[in-house]
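Let's take a walk through this one together, going from charged pairs to a helix crossing and a surface patch. Have the model open and follow along.

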Amino acid sequence: MKRDLISIEDLNEKQLRDYIEFGRKIDGMSHEACRQILAGRILGVLFYEPSTRTRLSFEAAMLRMGGQIIGFSEALNTSVAKGESLADTIRTVERYCDAIVIRHPREGAARLAAEISRVPVINAGDGANQHPTQTLLDLYTLQNLFGRVDGLRVALVGDLKYSRTVHSLFHALARFKDVRFRFVSPETLRMPEYVIEATEGSAAEIAETTNFEEAIADSDVIYMTRIQRERFPDPLEYEKVKDAYRLDRSALKHAPSHLKVLHPLPRVNEIATDVDSTQHAAYFPQAGYGMVMRQGILAHLLGGKL
Amino acid sequence: MSPEQIMLIPKIENGFVLDHIPTGSGVKVLNLIRGHAELNESVISVGLHYTSRRLGRKDLIKIQSRELPQRFLQHLSLVVPGVTIKRVENYAVAQKIVLEPPELVDNLLSCPNPGCITNHERGVTTCFHLVRREPMKFRCNHCERRFALSELENRLKL
């Protein structure tokens, strides 16, 4: 049966751990061995929306495993601009390639593509809904930085209301053992009840706070997100909170030495550049792990030998 | 028969009684019946604000029809979950069931999320899963948003 990767909600704890393991296997292989895994295979990369890291890391991942890529990075110069439906595009492209990676502004687009396609479909972001490969690379990053995911104390910081990245990461981490969460956000951007409700049955320990300092002193991981000005109906409200959730070198003065700072990127000013050279900064390595994780994902879904 | 016992809505010889409709929802059910062409020729009697031991007040609708289409029943279960359906034969109740919403709602609704792909593609089949019973919540299989029943009752695909 064809395998797809559409939503973190489809994966249980074992499957999440398996994906981390696929990444580790890739990481342990020689470049030469790696180039054989998907030799002769073609990946269709359909990006209806702009992206830097996700698209480039998927393409690099495929090329490093000996495969090739076709696709587009914006829909403007394609049949989509002539009004072609997503379903028709998928029915066409599936004949040209062995798997499809899709980013689309509409929620549920990847699921629909997977229903239609006879080749595996990977969701690289469907509107405000899911971005499962980001979550898997976040888990893989934690595994690499700490040697484990279980038992970590994770502070999710910033815009917890609208960030699909933190919602998915929270749901995934809640399936691991003894992960303790701290939700750090302005009152207006708190983690929505429906996101917490969806982890019903998990024993995750959650503390909510507006106090960033305390979270820095008492966490293993600070996962930063961007607070977007346009989320605030009142610009004054934005001015009040924007600096409270900005991380700079001085804010890390009381951080435990092993604390790592992650960010899905792109960052704007929520992490000052003076943090980059500290031992805590892990967001660029995180972007690197993204490529390895995506190699693991592609190899698994395309049935490559690991 | 004393005047208090006289039914304000006639007994039917054959057909169905939709009973225990929460008061105020009778009109919604009537609209639903109108949306199903198979029932357009049936004789319908409507009773609103009846006294009910269970509900205090209730609405009640009688449909003189040989059968109720499957799709109508599925829609009905979403508009008035827990409604009682009595099949009447020769003026007597032959069968009685309580209608609960299905675990899987297959192409009966359009998604209330305007950003959901199912609202932008032609000929897409929608699917919702019951993910919570109290309060009742359904999840769109595509955009993964969760909706209360009240958000879905205006989204019936008739």
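Before we start, one cut-off: a residue counts as buried when its relative accessible area is under 20%, as exposed when that is over 50%, and as partly exposed in between. Keep in mind, too, that this is a predicted model.

With that in hand, look at where the chains meet. Lys137(B) and Glu197(A) form a salt bridge, 3.6 Å from N to O. Lys137(B) sits in strand E8 (residues 136-140) of chain B and Glu197(A) in helix H8 (residues 193-197) of chain A, so this pair joins two chains. Both Lys137(B) and Glu197(A) are buried.

Glu197(A) has another partner: Arg146(B) makes a salt bridge to Glu197(A), with the closest N and O atoms 3.6 Å apart. Again the pair crosses between chains, this time from strand E9 (residues 146-148) of chain B to helix H8 of chain A. Arg146(B) has a relative accessible area of 24%, so it is partly exposed.

Now for a network within chain A. Arg153(A), Arg182(A), Glu214(A), Asp218(A) and Asp220(A) are tied into one network by salt bridges that share partners. Over all chains, the structure holds 32 salt bridges.

Another of these charged pairs is Glu13(A) with Lys177(A), where the closest N and O atoms are 3.1 Å apart. This pair links distant parts of the chain, 164 residues apart: Glu13(A) is in helix H1 (residues 13-27) of chain A, while Lys177(A) is in the loop between helix H7 (164-173) and strand E6 (180-184) of chain A. Glu13(A) is partly exposed because its relative accessible area is 24%, and Lys177(A) is partly exposed as well, at 46% relative accessibility.

Next, the helices. How do H4 and H5 of chain A cross? The axes of helix H4 (residues 86-93) and helix H5 (residues 109-116) of chain A come within 9 Å and cross at roughly 50 degrees. H4(A) and H5(A) are therefore oblique to each other, and their crossing is right-handed.

Val27(B), Val46(B) and Leu48(B) make a nonpolar surface patch of about 220 Å². Leu48(B) belongs to strand E2 (residues 43-52) of chain B. With a relative accessibility of 40%, Leu48(B) counts as partly exposed.

Note on methods:
Residues numbered from 1 in each chain as written. Chains lettered and ligands numbered in written order. Predicted model: local features only at pLDDT ≥ 70, side-chain atom pairs only at ≥ 80, totals over all residues. Heavy atoms only, no water. Patch = residues over 30% accessible without salt bridge, like charges linked within 9 Å, V, L, I, M, F, W, Y side chains within 5 Å. Areas by Shrake-Rupley, 256 points an atom, 1.4 Å probe, with all protein chains shown as cover. Salt bridge = Lys/Arg side-chain N within 4 Å of Asp/Glu carboxyl O. Helix = DSSP H or I, 4+ residues; strand = E, 2+ residues; numbered from the N terminus. Buried < 20%, exposed > 50% of the residue type's maximum accessible area, 1.4 Å probe, protein only. Axes fitted to C-alpha atoms, helices over the stretch in contact; angles between N-to-C directions. Parallel < 35°, antiparallel > 145°, perpendicular 65-115°, else oblique. Left-handed = near helix turned anticlockwise from the far one by under 90°.
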